[in-house]
Amino acid sequence: MHGHLNVLIGIHQSRSSCLIYVIKFVQVISCNLPFYIGALVVIMIIIPWTSLSANSSPFVQVFKLAGFPAAAATINFVVLTSAASALNSCIFSAGRHFYQLATEVSKSSWMYKMFANISSSGVPAAAIAFTASLVLITPIMSLTTAISSVFTIVTGVSSDMYIIVYTLTLVAHRRYRASADFLPNGFIMPWYKITSPLTILFFGIIFISLFFIPEDIVGAIGAICWTIVFGGIEFVRQGKMNLNNTN
C-alpha cells in the first residue's frame, strides 16, 4: 500500500507522468516480489504451512531449524529497524501529500503561506516537520492503561481507511476511463471492466465483514466517520471553488 502511495507522489510531481508511472510500478513490483513473496516461498519450502505456530514468528522457526539460537533477538532487531525505516518513509510521503494539499488551497490561506514552501534542499520541510510532530501522539497514547485497545482502534481506522481509499480510487479510475480526459496511449489497466468491479466487490465484502468482528467494529465506524467528515469538507470546498471559477 505504501508503495502505491509513493507511485502516486512520483506521478503528481513529475512532468512525464506516464513514463514515471511505468518506472515506479516496475520498481515496486521488483522490490515486493523477492522480499515479500520470495520470503514466504522459502519459508513454505522449509516448513509446511500446516506446521507453523501462531504463537511464534515463522522466521524465528526457520532460523531455529537452521541452528541459529539467537533468532528471536535478531528478528526483533530487524523488525525494529524496518519499522523505523517505514516510519521515516511514511513521514516523508505524508509530508509530500500535506504539501500538495497546501498548494491547492487559496494563496491567502494560512495553510498555503506556512506549508506550501520548498526548503533550500528541495523538500517541503515545514510540511514534513508538521507530520513528524504528529508522531508525538504515540507516547501520549501509550500512557493509557488500555494500550491494546487504543492500538486496535488506531490501526483499525487506518487500515480500514485504506480499503475505502482504494475503493474510491477504482471508482475514480472507471470514471476517468469514461471521460474525455482519458489518454489511450497511457499506462492502461487491462480488463478493467471485469477486474475493477470484482475488486470493488471484494473490498466491499471485506469491509462489511469487519462489522461481524467485535474488535474491528470501532475501527470500521471510525473510518466511515473520517470519510464522511473530510469528504464533506472537501466536497464543500470544491463546490466553492467551482462557483468562484464560474463567476
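**Figure 1. The whole protein.** The secondary structure comes to 10 helices and 0 strands, where helices (H or I, at least four residues) and strands (E, at least two) are DSSP runs, numbered from the N terminus. Read along the sequence, the pattern is α-α-α-α-α-α-α-α-α-α. This is a predicted model, in which local features need pLDDT of at least 70 and side-chain atom pairs count only at pLDDT 80 or more, while totals for chains, interfaces and linings use all residues. Residues are numbered from 1 along each chain as its sequence is written, and side-chain values use heavy atoms, with hydrogens and water left out. The predictor's confidence in each residue, from 0 to 100, is called pLDDT; its mean for the protein is 77, and 82% of residues reach 70 or more.

Figure 2. How much of the protein is buried? Of its 247 residues, 18% are buried; the word means under 20% relative accessible area, with exposed over 50% and partly exposed in between (1.4 Å probe, protein chains only). The protein exposes about 17,300 Å², and carbon and sulfur atoms supply 72% of that area. Accessible areas come from the Shrake-Rupley method with a 1.4 Å probe, and for residues only the protein chains shown count as cover.

**Figure 3. The largest nonpolar core.** A nonpolar core is a set of buried Ala, Val, Leu, Ile, Met, Phe, Trp, Tyr and Cys residues joined through side-chain atoms within 4.5 Å. The largest one here has 11 residues, including V157, M161, F203 and A223. Helices α8 (147–177), α9 (192–209) and α10 (214–246) each give two or more residues to this core, and the largest share, 6 residues, comes from α8. Leaving aside its neighbours within four places in sequence, M161 is in contact (heavy atoms within 4.5 Å) with A223, W226 and T227.

**Figure 4. S196 in helix α9.** Find S196 in helix α9. Is S196 buried or exposed? S196 counts as buried because its relative accessible area is 0%. Not counting residues up to four places away in sequence, S196 touches L170, R174 and M189.

**Figure 5. A nonpolar patch on the surface.** Here I29, L33, F35, Y36, I37, V41, V42, I45, I46 and L65 form a nonpolar patch, with about 1,000 Å² of accessible area together. Patches are made of residues with over 30% relative accessible area and no salt bridge; like charges are joined within 9 Å, and nonpolar side chains (Val, Leu, Ile, Met, Phe, Trp, Tyr) within 5 Å. A salt bridge is a side-chain nitrogen of Lys or Arg within 4 Å of a carboxyl oxygen of Asp or Glu. Which helix gives the most to the patch? Helix α2 (residues 17–46) does, with 9 residues. V41 lies in α2, and V41 counts as partly exposed because its relative accessibility is 44%.

**Figure 6. Helix α3 and what follows.** The buried residues of helix α3 (residues 58–65) are V60, Q61 and V62. After α3 comes G67, whose phi is positive, near 80°.

**Figure 7. M114 and a second core.** A separate core of 8 residues includes A102, F115, A116 and A127. M114 is found in helix α5 (residues 110–115) and is partly exposed, with a relative accessible area of 47%. How far apart are M114 and A127 in sequence and in space? They are 13 residues apart in sequence and 8.3 Å apart in space, C-alpha to C-alpha.
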